[in-house]
Amino acid sequence: MGYAQLVIGPAGSGKSTYCSSLYQHCETVGRSINIVNLDPAAENFDYPVAMDIKELISLDDVMEELGLGPNGALIYCMEELEYNLDGWFAEELENYRDDDYLVFDCPGQIELFSHVPVLRNFVEHLKSKNFNVCAVCLIDSQFITDVTKFISGCMASLSAMVQLELPHVNILSKMDLVTNKKDIEDYLNPEPRALLSELNQRMAPQFLKLNKALIELVDEYSMVNFVPLDLRKESSIQYVLGQIDNCIQYGEDADVKVRDFDPPDED
Ligand SMILES: Nc1nc2c(ncn2[C@@H]2O[C@H](COP(=O)(O)OP(=O)(O)OP(=O)(O)O)[C@@H](O)[C@H]2O)c(=O)[nH]1
Ligand SMILES: [Mg+2]
């Protein structure tokens with residue numbers, strides 16, 4: 001059984017920075033982790049790249065040779081990855097053992113969840129190779145400043161959830177930039193009724209029914225569950241990682257192993 005995180009979220013939400021902080025954290029605690037770059041446009045990396053989609057295809061080449069714009073070229077690159085799941089990707093994957101832990105740093109384009117089934121098929125492929133996969137969805141805390149933005153963040157996350165059908169950990173990134181913690185706390189574990197009344201105040205009267213439906217949706221899908229992440233704090237990274245590990249049952253077998261080899265009491 002392998003373990004994998006699929007790190008997703010809007011452009012600039014902090015995915016690559018999260019991956020590199022996670023890598024450093026794991027170095028510190030002596031845990032093995034492999035970060036994979038799935039962004040064909042990525043240029044600089046703050047983490048050692050275990051696998052790189054750019055070895056398969058690069059965005060610049062596609063834009064130049066096919067005359068596509070950046071978003072079209074990205075879709076083309078990701079479809080190329082899909083086409084090579086049993087070829088290039090399977091060969092790369094063979095370098096990893098059964099219990100290895102992979103973290104996929106994805107591109108930020110929303111089209112990847114809303115338009116094309118690439119990531120979904122990618123996930124199915126990982127599952128067929130016996131990986132336990134979890135989606136790690138980053139939302140920039142700077143965007144969650146009022147109820148309308150909060151709902152919009154929830155919807156983005158929900159659309160990924162529905163497309164990918166994966167266990168999901170929602171993360172509020174860049175907590176170091178939040179000066180007034182109180183503003184954010186209202187959204188970390190919000191009361192649906194409080195959200196609704198706030199939303200109703202913000203919107204014109206004809207939206208009352210829609211607001212109610214939206215809040216119910218968010219509530220029923222348990223979307224109102226964001227874990228704050230402050231990369232300055234080792235304890236925060238550790239907590240987030242713990243939540244994700246839990247999701248993919250990482251460490252449960254290891255626990256059993258440790259118990260099996262417990263030395264007998266000496267006295
Ligand atoms: N203050 C602060 N800045 C951050 C944090 N995480 C990311 N950033 C900054 O936000 C910007 C975007 O971060 P990235 O990690 O490149 O975001 P990304 O989601 O990988 O972006 P794309 O790959 O373009 O989709 C960079 O300038 C980062 O330095 C954080 O926790 N705190
Ligand atoms: Mg990135």
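**Helix packing, ligand shell and loops**

Q: Which residues of α3 meet which residues of α6?
A: Met78, Glu79, Leu81 and Glu82 of α3 meet Val118, Asn121 and Phe122 of α6, where two residues are in contact if their C-beta atoms, placed from the backbone, lie within 7 Å. By class this contact has 4 nonpolar, 1 polar and 2 charged residues; Ala, Val, Leu, Ile, Met, Phe, Trp, Tyr, Cys and Pro count as nonpolar, Asp, Glu, Lys and Arg as charged, and the others, Gly among them, as polar. The model is predicted: local features need pLDDT of at least 70 and side-chain atom pairs count only at pLDDT 80 or more, whereas totals for chains, interfaces and linings use all residues. Residues are numbered from 1 along each chain as its sequence is written, and chains are lettered from A and ligands numbered from 1 in the order in which they are written.

Q: What makes α3 roughly parallel to α6?
A: The axes of α3 and helix α6 (residues 118-128) come within 10 Å and cross at roughly 25 degrees. Angles under 35 degrees count as roughly parallel, over 145 as roughly antiparallel, 65 to 115 as roughly perpendicular and the rest as oblique. Therefore α3 is roughly parallel to α6. The axes are lines fitted to C-alpha atoms, for helices over the stretch in contact, and the angles run from 0 to 180 degrees between N-to-C directions. Helices (H or I, at least four residues) and strands (E, at least two) are DSSP runs, numbered from the N terminus.

Q: Is the crossing of α3 and α6 left-handed or right-handed?
A: The crossing is left-handed. That term applies if the near helix is turned anticlockwise from the far one by less than a right angle, and right-handed applies if it is turned clockwise.

Q: Why are α2 and α3 called roughly perpendicular?
A: The axes of α2 (residues 59-66) and α3 (residues 70-83) cross at roughly 115 degrees and come within 9 Å. This angle places the pair in the roughly perpendicular class. Their crossing is right-handed.

Q: Which residues of α2 and α3 meet?
A: On the α2 side are Leu59, Val62, Met63 and Leu66, and on the α3 side Pro70, Ala73, Leu74, Tyr76 and Cys77. The contact of α2 with α3 has 9 nonpolar residues, with no polar and no charged ones.

Q: What makes α9 roughly antiparallel to α10?
A: Helix α9 (residues 192-202) and helix α10 (residues 208-220) pack at an angle of about 150 degrees, their axes 10 Å apart. That angle makes the pair roughly antiparallel. Pro192, Leu195, Leu196, Leu199 and Asn200 of α9 form the contact with Leu208, Asn211, Lys212, Ile215 and Asp219 of α10. These residues divide into 6 nonpolar, 2 polar and 2 charged. The crossing of α9 and α10 is right-handed.

Q: How many residues surround ligand 1, and which are the closest?
A: The shell holds 15 residues, with Gly14, Lys15, Ser16, Thr17 and Gly108 the closest. A residue is near a molecule or strand if its C-beta atom, placed from the backbone, lies within 6 Å of it. By class the shell around ligand 1 has 3 nonpolar, 8 polar and 4 charged residues, and helix α1 (residues 15-29) gives the largest share, 3 residues.

Q: Why is Gly108 called partly exposed?
A: A residue is buried if 20 or more other C-beta atoms lie within 10 Å of its own, exposed if 12 or fewer, and partly exposed in between, with C-beta atoms placed from the backbone. Gly108 has 18 such atoms and is therefore partly exposed. Gly108 lies in the loop between β4 (101-105) and α5 (111-114). Not counting residues up to four places away in sequence, Gly108 touches Gly9, Pro10, Ala11, Gly12, Ser13 and Lys15.

Q: Is Asn132 buried, partly exposed or exposed?
A: With 18 other C-beta atoms within 10 Å, Asn132 is partly exposed. Asn132 is found in strand β5, and its contacts, leaving aside neighbours within four places in sequence, are Met1, Tyr3, Ile248 and Gln249.

Q: What is the phi of Asn130, and what is the phi of Glu165?
A: Most residues other than glycine have a negative phi. Asn130 has a positive phi of about 70 degrees, and the phi of Glu165 is positive too, near 50 degrees. Asn130 sits in the loop between α6 and β5 (131-140), and Glu165 in the loop between α7 (147-164) and β6 (168-173).

Q: How do you know that Asn130 and Glu165 are exposed?
A: Asn130 has 9 other C-beta atoms within 10 Å and is therefore exposed. Glu165 has 11, so Glu165 is exposed as well.
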